[in-house]
Amino acid sequence: MKHISIDPITRLEGHGKIEIFLNDEGEVENAYFQVPELRGFEKFCEGRPVEELPSIVTKICGVCPGCHHMASGKAVDAVFGVEPPPTAKKLRELFYMAHFVHSHIVHFYALAAPDFVVGPTASPVDRTILGVINKVGLQIGSEVIKQRRIAQEIQALIGGHQTHVIMNTPGGVKKGITPEQRDDIIKKAEGFVEFSKFSIQLFKDVVLGNKDYVDLIMNGPYSLVLHSMGLVDEQNKVNFYDGKVRVVDTKGKELYKYSPEHYLDFVEERVEPWTYLKFPYLKKIGWKGFTEGQESGVYHATPLSRLNAADGMATAVAQQEYEFMFKTLQGKPVHATMAMHWARLVELIYSAEHCLELAMDPEITGNELRAPLGKIVGEGVGIVEAQRGTLTHHYWTDDKGMVRKVNLIVGTTNNHAAICMSIKKAARGLIKKGSEITEGTLNMIEMAFRAYDPCFSCATHSLPGQMRMILNIRDIEGNIIDSFRR
Amino acid sequence: MTTEKIMVLGIGNDILTDDGIGPKLAGDLTKMDLPAEVTFKTAAVGGLELMETISGYSRIFMIDAIRTAGGKPGTVYFFSPDDFRETMHISNLHDINFFTALEVGNKLNYPLPSEIMIIAVEIAEDLEFSEELSPVLRKRYPDILSKTHKFLLEALLSQKS
């Protein structure tokens, strides 16, 4: 059996490794996705006052600190048995919309667009954000950088810091915003709306205008039939901050809708011997292996699954784009992995529109920022949608609010099984007996999981000296018979 | 009186064992003999945000953790971005790595530093949550701090004279 190793993955935060095993026929036998997992977070938290956790968890990940801060803040509210007042809740959401705008802009232009705007098999030297800027022009390139920076500025203003966010406190937020600050955010959010509309039009022009790309989305080796998970509001519209978790099956029928505190009745995690990262699955169906289809327990929690699991978007333009996407892709739910990029842009529009709505809400400058604390309940669950999937924080404390136990299911972990299966399917579709394995082939395999925007970040500042791509082909005894480096 | 804007930037996660070596060194260097005009900062960011953080400064000294194949923990390396150029372009690495972000900044006319130096410390452990360094780095820390300080002092004084 030949063994192909891709390590580490380009264009992903953190570290990862793909292992592809070829059989004697030269065809893909199996594929694994492995990541090293950070250790000791639970121990690190034990014995600390639970109200410290929202600030500590922003250091788990440099990519989605705001998501952890929000899930943690909600879990701490639950521990103290308190619900934030409307102004505090809206400020949290306002911050969170800016967080989504920032993250989705970066993913589309820096991580996804190189494959589509420059080309999936283009030279790797050109297949970068610089290549995208060369294609779309300096003015648009400047706008990309500007809009992401503005989103960071809003987060810093409301959150106290754009990365090490400190805004949440039990029962609310630490500070509000002035009418002048609100007016400034309104102007910035108007810019987000225009830029998000431009971005989805760019996607339509570049991707939908290219038959090869449409084939890649619809008919390529990039489909995976799974159940879909996402947070929804009372009207079953997509919501990132609050609501119930809804799961629809592979045909779009609602399987479950549950409040965050009941998540353990619906989600269970499987351990495999070859990786530290667990594999969540739908508990009531059970683990049926790495299989797709209606009988499988595997689900995904992604921008696409959120749109699949909801009945629509809560803002006007996003709703139009939601309808257009499903109409174009011929129905709902959609199981095309590459459509995650499209769904992410629909979400970008929703984030921008909702950011503007919240900034214009009269309550946003209110003074009631914190509700009186209730009696310590001793246990709390907070669930939000992170950019990369449903994020769960579950804390247990003693009667003084000191942490006894912590359980997290982070966005990407939800998709661990789906990512492994997507890689295997893409590899099987792209590596054929006797065919040459090129850099472009490898990139197209990577595209299968890059669509998930997976994040395994522990140190996003990693120096590039340690980040490189290696492809080894091994014979049946494990000897390297060929090696690619890039 | 110099008009140079100089920054020493410690990068890393201070609750991830040795990953916090950059911020720790930056913090301790503030108490040591270095030119008064130097600004000290810490950050746990990368890519575009790091590029924006250093925008407007003329000289940057970044202190970060590194792991190399067979490297001895505690070893201090001194790099310039040129040392990474070939790796970045040929290898098409992490797309939003710092050096790609620098190229984006240059292309979009950001006022970027004329000099960037990277002080990288070989580490032993960065997958475990702890506010403490690993035992091996803790033991070698006085030497790491001394080497980093000496390098900075020489680099800053040589430029001034």
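Reply: Of the 486 residues of chain A, 56% count as buried, where a residue is buried if 20 or more other C-beta atoms lie within 10 Å of its own, exposed if 12 or fewer, and partly exposed in between, with the C-beta atoms placed from the backbone. This is a predicted model, in which local features need pLDDT of at least 70 and side-chain atom pairs count only at pLDDT 80 or more, while totals for chains, interfaces and linings use all residues. Residues are numbered from 1 along each chain as its sequence is written, and chains are lettered from A and ligands numbered from 1 in the order in which they are written.

The secondary structure of chain A comes to 14 helices and 18 strands; helices (H or I, at least four residues) and strands (E, at least two) are DSSP runs, numbered from the N terminus. Among the contacts in chain A with a separation of 6 or more, 69% are between residues 24 or more positions apart, a contact being two residues whose C-beta atoms, placed from the backbone, lie within 7 Å.

Now to the pair of helices. Helix H10 (residues 316–328) and helix H11 (residues 339–360) of chain A have axes that come within 8 Å and cross at roughly 165 degrees, the axes being lines fitted to C-alpha atoms over the stretch in contact, with angles from 0 to 180 degrees between N-to-C directions. That makes H10(A) roughly antiparallel to H11(A), because angles over 145 degrees count as roughly antiparallel, under 35 as roughly parallel, 65 to 115 as roughly perpendicular and the rest as oblique. On the H10(A) side the contact includes A:Ala316, A:Val317 and A:Met325, and on the H11(A) side A:Trp342, A:Val346 and A:Ile349 are among the residues met. The residues of this contact divide into 10 nonpolar, no polar and 2 charged, where Ala, Val, Leu, Ile, Met, Phe, Trp, Tyr, Cys and Pro count as nonpolar, Asp, Glu, Lys and Arg as charged, and the others, Gly among them, as polar.

The loop between H10 and H11 of chain A deserves attention too, and it holds A:Gln330 as well as A:Pro333. Most residues other than glycine have a negative phi, and most peptide bonds are trans. A:Gln330, however, has a positive phi of about 65 degrees although it is not a glycine, and A:Gln330 is exposed, with 8 other C-beta atoms within 10 Å. A cis peptide bond joins A:Lys332 and A:Pro333, with omega about 5 degrees.
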